[in-house]
Every structure is written in C-alpha cells, then in structure tokens.
Amino acid sequence: MATVELKDVRKTYGGRVEAVKGVSIDIPDGAMCVLVGPSGCGKSTLLRMIAGLEEITSGTVSIGGEVVNTRGPAERDIAMVFQNYALYPHMKVYDNMAYGLRNRGMAKDEIDRRVREAAATLGLAELLERRPRELSGGQRQRVAMGRAIVRSPKAFLFDEPLSNLDAKLRGQMRIEIKNLQRALGVTSVYVTHDQVEAMTLADTLVVMNGGIAEQIDTPMAIYEKPASIFVAGFIGSPAMNLLAAHGAEQGKGLTLASGGAIKPRDLAAPEAGRQVLLGVRPEHLTLVSDSKNADIEMKVTAVETLGADTLAHGRPVAGDARGGELIARLPGSVRISEDDVLPLAIDAGAAHLFDAGTGKRI
Amino acid sequence: MADTTAPQSTAAVLGRREEGAMLGISRTSRYIAHAILILGVIVVAFPIYYTFVASTHSLQTILRPPLPLLPGDRFFDNYYQALFGGVGRIGGVSVDLLLFNTTVMALGIAVGKIIISVLSAFAIVFFRFPGRMFFFWVIFITLMLPVEVRILPTYKVMVDLGLIDTYTGLILPLMASATATLLFRQFFLTIPGELVEAARVDGAGPWRFFKDILLPLSKTNIAALFVIMFIYGWTQYLWPLLVTNRNDMNTIVIALRKMISFADADTQWHLVMVTSILAILPPIMVVLFMQRWFVKGLVETEK
Amino acid sequence: MSPRVTFPNKILPYALLLPQLVIVGIFFYWPASQALYQSVLREDPFGLRSTFVGLANFRRVLNDPNYLNAVQNTAVFSVAVAFLAMAVALLLAVMADKIIKGKGFYRTMLIWPYAVAPAIAGMVWLFMFNPTMGTFAFMLRSSGYAWDPLLKGDQAMLLVIVAAAWKQISYNFLFFVAGLQAIPKTLIEAAAIDGAGETKRFWTIVFPLLAPITFFLLVINTTYAFFDTFGIIHAVTGGGPGKATETLVYKVYHDGFVNLILGDSAAQSVILMVIVIALTAIQFRYVEKKVHYG
C-alpha cells in the first residue's frame, strides 16, 4: 500500500514533441485514480512513466513517498494490466501468474499459495492448467488481473484493460474491478477513454487533454462543475450543449445570442457584453407548452427514441450553439418528429458559464 | 488480438480443404485436375523412384538397358556392399564416414546460423544503441552475395586461416548470411510491445525475456529454419568441393560425384545408386517429417 | 503505433551482434574486398608479382568470346529453367487448388525434390539419359533419335535444364499454392456470379492476382539458375561438351581453380556481384509493393 504522487511530470519526445506538459496528481493510499481523455491526450504516456516503461523528462514520480524516477519497472513494486492483456502465450495460466514471483526469487510454496488464492478470488481455479488461447476474453482479462494481484504490489496500473471486451462483459468486469480494488485496498491508476468507466470507477478523476490535466476532482464534482468547455463536452453523454451568449445589462443575467434573456440562479452574472458560453446538459432542457415560456427554440433534425428517454437532436432556430447542434433529453412519453419546432426551457440552476475566449469556467 | 502467438501464415492454411466445391467446378474438371496432379507426381517422383529401383539391381542389369520398372532382388546385397563392403571405393572412405561428415556440416550450418542469427536479431529488435541501423545493413548486404560469386577470395581466406579440410572450414563461411537474421527480425517485430513491458514489470531482464519468452515463442520459426538450413547445408556442392582435398573429409554429394566416371565403364553404378539413395534419404526424411514447419518457414522466409 | 518497446542496456546488444559480425567480417567482407582488389591486378605466370592493371581484366573478360559464350549459355539456361519450373509448378498448383480431397497427399508427393542436392538431381537425370546405359536414352535411340548429350551441346543443355527445373518445381509449387490460397474466395465467387467460366476466371482474375508471387518466383528462379545449379553442371557436363553448358558461375570456378587466372576470375566475380545486387534490388522493390496484397 502506498501513495502515488506526480509532481510536474513532463515527457518530451526527441526534444520537441511534448506528450505530457507538466501534470501533478496526488493519489492517496488505497484510492482509484482514473485518467480519462481522448486518444493522444498523454494519459497512456503518463501511466507508462509511472510504471517505469517510459523515461521521465522532468518532474518526479513518487510511490510510497520515495522518488522512483530512475528505477526500472521491476524495482518500483507496481503491477500492470495491459490493454491486450500481454499474457505469455506459451505459458499456462498458473505460470503466467507465477512468472513475476519466480523472477523475484520467492519460495515455491509461497508462490503456489498466492497463485491459488488469487485464482480463487478471480474464479480461475479451474483454469490454471490452460493456456491463454484456450480462454475467453473475459477469462484472459481475469488472468491479467490475477498476474497483478499475486504480487501484492504497492500500486496497480491499468492501461485500458476493458477496451477489448464486448459491451456487456465490459460492464460486468467494471464492477468486478471496482469491488476487487476496494477489497484489496491497493492504490490504483486506471487509464481509459471511456467516460462511463471513468465515472464509475474513479475516486479521483483526472480529465486530460493535450498533455495537461484539465481537471482533477471526484467524478461527481467534475460532472457538476466542469472546469472548462473541454471537460464539459467530454464528461456526460450526450455531450453538454454550449450556447453562445453575452452578459446583459447589470443585474439582468445574460442574453442568449438567440435574443432570450436568462438568469442562471447560482451563477454570478458576467459583466455586460462579455462573450460567454452557456453550458446546459441535455437533461436540463425541458419541453414547455409554448414559445412564450421558452428560453430557446429548437428545430428537430433527428429523433432517437431510447424507451425511457427520447433524445431530440436539432438546431437552434435563432442564435448559435457550439457545433451548431442542440440535444435535449426528453421523457420517453413525449412524441415528436423531425422538423418540429420545440420550445425549450433551460434549467438555469443547473447551467454552467464558460468564457468564450479561454473556455474556462466562470 | 490478445492472442500473441505467431501470426497465421498463408502457408498454415495450405491444408484447408473445405472451399472450392461451390464455384461451379464440375466433377469432370476435378477429375482432370486429379489426373494432371498424378501425372505431375509421376514426373516429380519418378527419377527418385527409378534411382531406388536401380539401387536394387545388379551392375549387369543396369548396364543392359532398359532397366526394369520394378525393384530387383539385389536390395540387401547392394546396400550391404555399399555400407559395409566399401573397400577401394572413393579412396577407401566408408559411406558412414561420408554421411557423418555431411551430417556434421548440415547440422553445424543449421545450428550455428540459428544461434548467431537469433542473437543478432534480438539485439537489433529489442535494443536501441548507436550504430544499430549500420550493423543491420552490414548484415543485410550479405544477403545479396552467395558464396558462389566470391569463391576464390573466400578460398584464399580459408587457406590463410588453415581451415582447408576442417569441419570449421566447411561450416563457418556458409553461416555468414543474412537470411536467418532477417527471418527472426521479421518475427520479433510481430511480438507485441506489451509482452515486453509485461515481462519487464514482472522483473525479467533481457536474458530472462530471451530465455523464458522469446525462445519459446520462436519455437516454430526455429524448427522451420532448422529444416531449411539443414537442407541447405546437406545439398552444398561448390563449397565442400573447394575446401576438402582429403577424401575422408568429403561430403557424400562430393564423394558421389567422384564415384562417377562416364568415360570408362568401371563405374559401379549399382553402388552409385545406393549411395545416391543414402545421400538423399536424410534430407527427404527431414522435409517429410517436419513438413508443417518447413512449408511455413519456407514461404515466410523468402518474402 | 507507439515506438518499439526495448530494453535499456547499452553494452549487451553489441555482445549479441558480435558473433555474426565476426563471421560476416572474416568470410564475407574480407573476401569480397579481396575480389574487388584482385579484379584490378594481374599476376605474373608464376604468381610471384602482381601489378595494377586498372580495368584491363574487365576489358579482357568482356571481350573474351568464351565469356560471351558463357553469358549466352547462362541466359538460355536461366530463362528456360525459370520458365519450365514455374509453368509446371503453376499448372500443378492450380490443379491442387481445384480439388477437395487429397491436397495433403499431393503436396507431400511433390515437395521432396526440394531436399535433393542439385548435383544429385543432375546425376540421377544423367543416369536415366546417359547414352551408354540410360533407359530413356536407350528408348530414344531405339526410336531412331540420335541422342548423345555427352557429345551434342544442345542435348547436354537440354538435359541440365530439365534436371535443374525438375528440382525447382517443389519450391515454386509451394509458393503458388500459398499465393492461390491468399486470393480472397469472394473475388472468385463474384466472378462466377458475373458469369465467368473456370478458364476465364483463371486468366482474368487469378493470374493477375498471382502476379506478385510470379514475379517474386521469377527472381528467385533466376538466382537459383545462376548460382545453385553449379553442382548440376559440374557433375553432369563439366561445362561441356566444348563449353556448350559453361555458365558464368562455372567459368568463375574454372578460371580461378583450374586455369588459375586470378585476375580474370576476380573480375568475373565482381561482374556477378553486380548482377546479383541488381537482382536483389529488383526483388526488394517487389517486396515493398507486395505489402498491398497483404
């Protein structure tokens, strides 16, 4: 058990390409930290620097209070679960799990005890004599987990471990990983590009973009108070609507580009004339009876009926939205069709304000 | 994706038999295909069969053509004489010594080549070091020049080093080629990086990785290469012709050549035929028994 | 693609490369440079002194009618061997692709000449066609054909061509079978639906798609005919009768080891090297293109 601390960690390739531009994260003992972001955001590079598989250009990585920058991956006492599992194809499940322990010169009975214990925990007891190619995707995934837990390392590192599984299995394994990590209480760093995985697994969520950490907080805090339009757009599905607006005359809140005035209750009104983006999640747009009560009107271009909900895609009749598109999540009972013009009200209490220039939260 | 074994080769599916039935290939045309294949087998196999037939007849029968199409009754006599009675033949060297020489040469080339190539491919693929590409090219260029084009200077080197009539002289120069290195390099490049990382996290250094993971994974490739190189070594002609002067250092192919004289009549043809059969039997056995790896290795090496 | 994962050691890779580099250095680079060096020298008849003669050796070699004869022989021999070995192999491979049962059997029966040393292949064919006691020679003569490859140059050439091509059929067969397997069955099916019959499908779909393999084999077979067949020629005809089957490699050997004209032999080696390098370069351009055929 140990804390994992990153201080201003940077990675530069060939002196020019900056993959990671100074990231600092403190992960408390036993916590699950999830790094999420689009591909190329530097999350995997960061993980591999923690693992010791990439050199650290500058900054420090500490595990259990010790700086490990110069140590090889085997000396950092970490275990890693890879995207493609990286099981040794010619070794039996048992040997796959035992290999790391043997390399460390552990006694045979201790190895055997640990492997069997881990196999029992993961439901692999029957499969110990099989080879990886005789296993299903989910079983391989479990073996990869088993290889990590037999080591009782200071930290687990997960590199998109579920991305090769089908949707159903992914959901199942997500819960298993969560429970296992809780039960073992091992500090973990988990990289994914899937925001559902990120939200459900994380104690600490790090949203990364272009080599920097855009926001570090609990999943709910990030969902409720995204620090930037990038985070707002990335976390939550469908993505948050962003409406062009500007600060109205003093005290009057803001004016949408479509002309409507609105006063978000909990938000400080921006100074008059300041260009902002008003962020509204699809579920915070509600259908109202007529255009008089509406904050905004939307012309429907596509309808997705999901059963419980209906997603209405469309364009604002007036004004501008980021990407030119609006999405409203309406109750499943609502019947709408293409080309309808929907009068929508914005739940001002749940709206977010971002500076149009910097993209930062106001 | 997660299956990190060697990628399936086109050759691996050579044995597949389910397709083809549907495409309007008529029964007649399939019969014709069989007929042509049988004819092909006859053309391809007949010379070897006929050699065998000749090896079971007496010299007198052989010298009075045409030779019968079926084996004769001298099988035991001829083979016994060739194997154990070899007085005065090929300068007094027995067939088993010739077979032994050839085996040493073929094994030496096969094993030696595999060892030096697997090591150099390991270095080139799994390490980054100054001069890496330079060394790769130094090895790669040797692919272009078979021993046949530089025989005389290579021969002089052998003389200078005192390697004439030695096993070392037979083996080492033929190990100096890039084919095997390239094959291993190609295969190593298909090994997922994650496997290397997993091994590093598991505390395996380069040697452990090499021994515990890389070698076991290369088993099929090593087997394939072994067959190809064994046959390459066994069938060598020009090189053993040059570096062996003493009869007791000859390979069987060279000795066989020395047995034949078309000009005068005292060639012991029945024994020549027995020796031919003994000379081609070992490599044919290797090819047939290791067919699966051999085919895979052959089709993949030469790409 | 992330960059290749590697180990951080600095010294070890050099140690791993060392054995191969030593062998390649001693038995490849040293002799190859010697060949280059000697190709511009001329030794006196007693081998005591050698003088620098520039390109004179090359000039003499290229003006030597015997050399030009060898060039011509090599050309005829290579083209014939490559064509014969490939045509037979392609025919057999296409037939093997058609049938459903017995593929494994035919393959097994067809691959063993690969294991036969070229020299032995030559001797076996000579045994069958040897004018004094060869069964087939006997049959040819009985039917009134004047067959004697030991005296007639063109017949000798024919014999070594057949022996060399015979040995190469197995190899080509395996590649053509693999090439045919690699052609997506859906393409053939599409052509069948488009109304193309078996023969038409072969010439319009299959054969063009085999082009990369065919080309590759052409290069390989040419290289084979150039170099690996030395054993056949040495064992069967010894370049004769009257230099009718003397190829380039045979001449390098003959001039160097029998006639002991080192300068000429070296110059011929260098010319051969240039030819091989050209062949290899062509082959690699092909390999790069071939990627598209996956």
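**Exercise 1. Find which of the two pairs of chains in contact shares the most contacts, and describe the side of chain C that touches chain B.**

Step 1. Of the two pairs of chains in contact, chains B and C share the most contacts. Two residues are in contact if their C-beta atoms, placed from the backbone, lie within 7 Å. A word on the model: it is predicted, local features need pLDDT of at least 70, side-chain atom pairs count only at pLDDT 80 or more, and totals for chains, interfaces and linings use all residues. Residues are numbered from 1 along each chain as its sequence is written, while chains are lettered from A and ligands numbered from 1 in the order in which they are written.

Step 2. Chain C brings 96 residues to the contact and chain B brings 92 residues. On the chain C side, helix H1 (residues 12-38) gives the most, with 19 residues. Helices (H or I, at least four residues) and strands (E, at least two) are DSSP runs, numbered from the N terminus.

Step 3. Sort that side of chain C by residue type: 69 are nonpolar, 18 polar and nine charged. Here Ala, Val, Leu, Ile, Met, Phe, Trp, Tyr, Cys and Pro count as nonpolar, Asp, Glu, Lys and Arg as charged, and the others, Gly among them, as polar.

Step 4. Now look at chains A and C: no contact joins them, and their closest C-alpha atoms lie 8 Å apart.

**Exercise 2. Work out how chain C is built from helices and strands.**

Step 1. Count the elements: chain C has twelve helices and two strands. Along the sequence they follow the pattern α-β-β-α-α-α-α-α-α-α-α-α-α-α.

Step 2. Compare with the record. An unreviewed UniProt entry annotates "transmembrane region" at residues 12-32, 75-96, 108-129, 156-180, 201-220 and 266-287 of chain C; such annotations may be inferred rather than shown by experiment, positions follow the numbering used here, and feature names are shortened.

Step 3. Check two of these spans. Residues 201-220 of chain C are 100% helix and 0% strand, with end C-alpha atoms 27 Å apart. Residues 108-129 of chain C are 73% helix and 0% strand, and their end C-alpha atoms are 26 Å apart.

**Exercise 3. Explore the largest nonpolar core.**

Step 1. This core has 281 residues. A nonpolar core is a set of buried Ala, Val, Leu, Ile, Met, Phe, Trp, Tyr and Cys residues joined through C-beta atoms within 7 Å. A residue is buried if 20 or more other C-beta atoms lie within 10 Å of its own, exposed if 12 or fewer, and partly exposed in between, with C-beta atoms placed from the backbone.

Step 2. Residues with the most contacts inside the core include A:Leu157, B:Val227 and C:Ile120. Helix H7 (residues 153-182) of chain C gives the most to this core, with 18 residues.

Step 3. The core lies between domain 1 (4-227) and domain 2 (238-355) of chain A, because both give residues to it. These domain bounds come from an automatic or database domain assignment.
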